[in-house]
Amino acid sequence: PFGFKYGMTAQEVLKLVGQGAVKHYKDDPDDILTLGTAPKPHPDFEEYMLMISPERGLVKIYVIGKDIHATRYGDKLTAAFTEIQDAITKTYGLPERAFDFLRSGSLWKEPEDWMMGLLKGERTLRSYWTLKSGINHITVITLGASARSTENGWLSLAYEFDGFTEYEEAKKAKTKTVF
């Protein structure tokens, strides 16, 4: 995805995108490389976070979309979500699970409250693909929508590769050793 490949090292990634693509955040752990572009960037996305395991190389790509100006009804955000979901479906098949629901009892149940429900965490718009055949070592794909306000939202997209679960468990175990 986006020109990245499972197992790439940070050095291999930087050869493709250049040092100028790196975005530095003071809280970024050493195993996360945040970029402003990709070897094959998509115009709807502006930030590419790569989780790079010391043992396995690239194990996860997390991509953050550009702001989408939407009405309170969420029309442009849902349209962008559907467009990206359809593109992923053409490559990987239908999502295993897709959610567009409002939490029971939410105050934000009217159509014009769609973005407020998303902003308050009471609405979910998300799709998941679990790839049993591991196309290009990809095991899980997640597409989601989030709101910054009642008029602005963004999409996120994640690709997990073989070994991501073990990488994540090893990080958690290491964190617990400080006690």
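I take buried to mean under 20% relative accessible area, exposed over 50%, and partly exposed in between, with a 1.4 Å probe and protein chains only. The model is predicted: local features need pLDDT of at least 70, side-chain atom pairs count only at pLDDT 80 or more, and totals for chains, interfaces and linings use all residues. Residues are numbered from 1 along each chain as its sequence is written, and side-chain values use heavy atoms, with hydrogens and water left out.

**Entry 1: aromatic pairs**

I looked up ring pairs, counting rings of Phe, Tyr and Trp (its six-membered ring) whose centres lie within 6.5 Å; planes under 30 degrees apart count as stacked, over 60 as edge-to-face and the rest as tilted. The structure contains nine aromatic pairs. One of them joins tyrosine 6 and phenylalanine 161 in a tilted arrangement, 6.0 Å centre to centre with 40° between the planes. I noted that this pair links distant parts of the chain, 155 residues apart: tyrosine 6 is in the segment before helix H1 (10-17), and phenylalanine 161 is in strand S8 (residues 152-161). Helices (H or I, at least four residues) and strands (E, at least two) are DSSP runs, numbered from the N terminus. Phenylalanine 161 is buried at a relative accessible area of 1%, whereas tyrosine 6, at 25%, is partly exposed.

I then examined phenylalanine 99 and tyrosine 128, which form an edge-to-face pair at 6.0 Å centre to centre and 75° between the planes. Phenylalanine 99 belongs to strand S5 (residues 97-102) and tyrosine 128 to strand S6 (residues 123-130), so the pair ties together parts 29 residues apart in sequence. Phenylalanine 99 is partly exposed at 31% relative accessibility, and tyrosine 128 is partly exposed at 21%.

**Entry 2: a charge over a ring, and a cluster**

I checked for charges over rings (NZ of Lys or CZ of Arg within 6 Å of the ring centre and within 35 degrees of the ring normal). Arginine 97 lies over the face of tyrosine 128, 4.8 Å from the ring centre. I also recorded one aromatic cluster, formed by Phe2, Phe4, Phe45, Tyr48, Tyr92 and Tyr159.

**Entry 3: strand S7 and its partners**

I followed strand S7 (residues 138-147), which is mostly covered, with eight of its 10 residues buried. For pairing, I required that DSSP find at least two bridges between two strands. S6 and S7 run antiparallel and are joined by five bridges; serine 127 stands opposite leucine 143 in S7. S7 also pairs with S8, in the antiparallel sense, over nine bridges. Threonine 142 has alanine 158 in S8 as its bridge partner. I noted finally that a hairpin connects S7 to S8 through four residues.
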